[in-house]
Amino acid sequence: MKKVIYFLLSIILILAMVGGLFLVSVIYNTPSKITVDAFFFQPQRNYESRISEPIKISDYTDDELRNKLLEKYLIEYFYVIPDVNNAETRRTKRGALWLASMPKVYNEWLETIAPEIVAMANSGMLRTVKLISAQKIQSNSKQNPYWRVEYELTTWERPNDFFALPNKTVGVLFMQIHFSPHVMETMRTGESVLDYLESGKDPAAAFSFGIIDIAQEL
């Protein structure tokens, strides 16, 4: 009787070994049957974060292009990151905001908005900007028209507090906008657009877009 039991156990052990070898061989050969699909995510709209081919200007309507440039201007005008060096540099370096602003507009920004940005950055705050709408104000004037521009500011006032909700505010500016849907040949500094873009500077400033005047009310 014991011999029969031992014989059966031997058969079971052999089957178990064969099954184990089969399982190991299947696992060993698995990598050759695996395919990996690569996906790239573009979490930001900033041109420096993109890895795909830039969108062509012709893919936008004139209104879409104007609104994108307008939103870009508002971002440069209001945004805050918790970096004092960034805020100070924006006050001293002639960047995209300066290039797209008449001197009066830029000087008013230096006097009113820039100090607020420095103070907020020094407190570790973060502020993002979004364009809500831009509506042209009808006028018989032959000058560049004013637009009623509504925007939203989202401000995180308490740094490193994951439970703090941001403060959202909506504002309105009346902006006199110059815009034509093309890229300029020469920058305001006298530099050619090609040299400007080759140097890696903000391409938004290369468009024929500028803010002539900003008012709180008309």
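Predicted model: local features only at pLDDT ≥ 70, side-chain atom pairs only at ≥ 80, totals over all residues.
1. A quick term before we start: a polar contact is a pair of N or O atoms within 3.5 Å, where one must be able to donate a hydrogen and the other to accept it. Another polar contact, of 3.0 Å, links the side chains of Asp213 and Lys104.

2. Where does Asp213 lie? You'll find Asp213 in strand 4, which covers residues 207-215. Its relative accessible area is 14%, and buried means under 20%, so Asp213 counts as buried. Leaving aside residues up to four places away in sequence, Asp213 touches Lys104, Val105, Tyr146, Phe174, Met175 and Gln176.

3. Val105 turns up again in the packing of two helices. Helix 2 (residues 62-78) and helix 5 (residues 103-122) have their axes 9 Å apart, at an angle of about 55°. That angle is why helix 2 is called oblique to helix 5.

4. Which residues meet there? From helix 2 come Tyr73, Glu76, Tyr77 and Phe78, and from helix 5 come Val105, Trp109, Ile113 and Ile117. By type, the residues of this contact are seven nonpolar, one charged and no polar.

5. Helix 2 on its own is worth a look too. Buried residues in helix 2 include Leu65, Leu69 and Leu70, along with Tyr73, Glu76, Tyr77 and Phe78.

Terms used
Residues numbered from 1 in each chain as written. Heavy atoms only, no water. Axes fitted to C-alpha atoms, helices over the stretch in contact; angles between N-to-C directions. Helix = DSSP H or I, 4+ residues; strand = E, 2+ residues; numbered from the N terminus. Parallel < 35°, antiparallel > 145°, perpendicular 65-115°, else oblique. Contact = heavy atoms within 4.5 Å. Nonpolar A, V, L, I, M, F, W, Y, C, P; charged D, E, K, R; others polar. Buried < 20%, exposed > 50% of the residue type's maximum accessible area, 1.4 Å probe, protein only.
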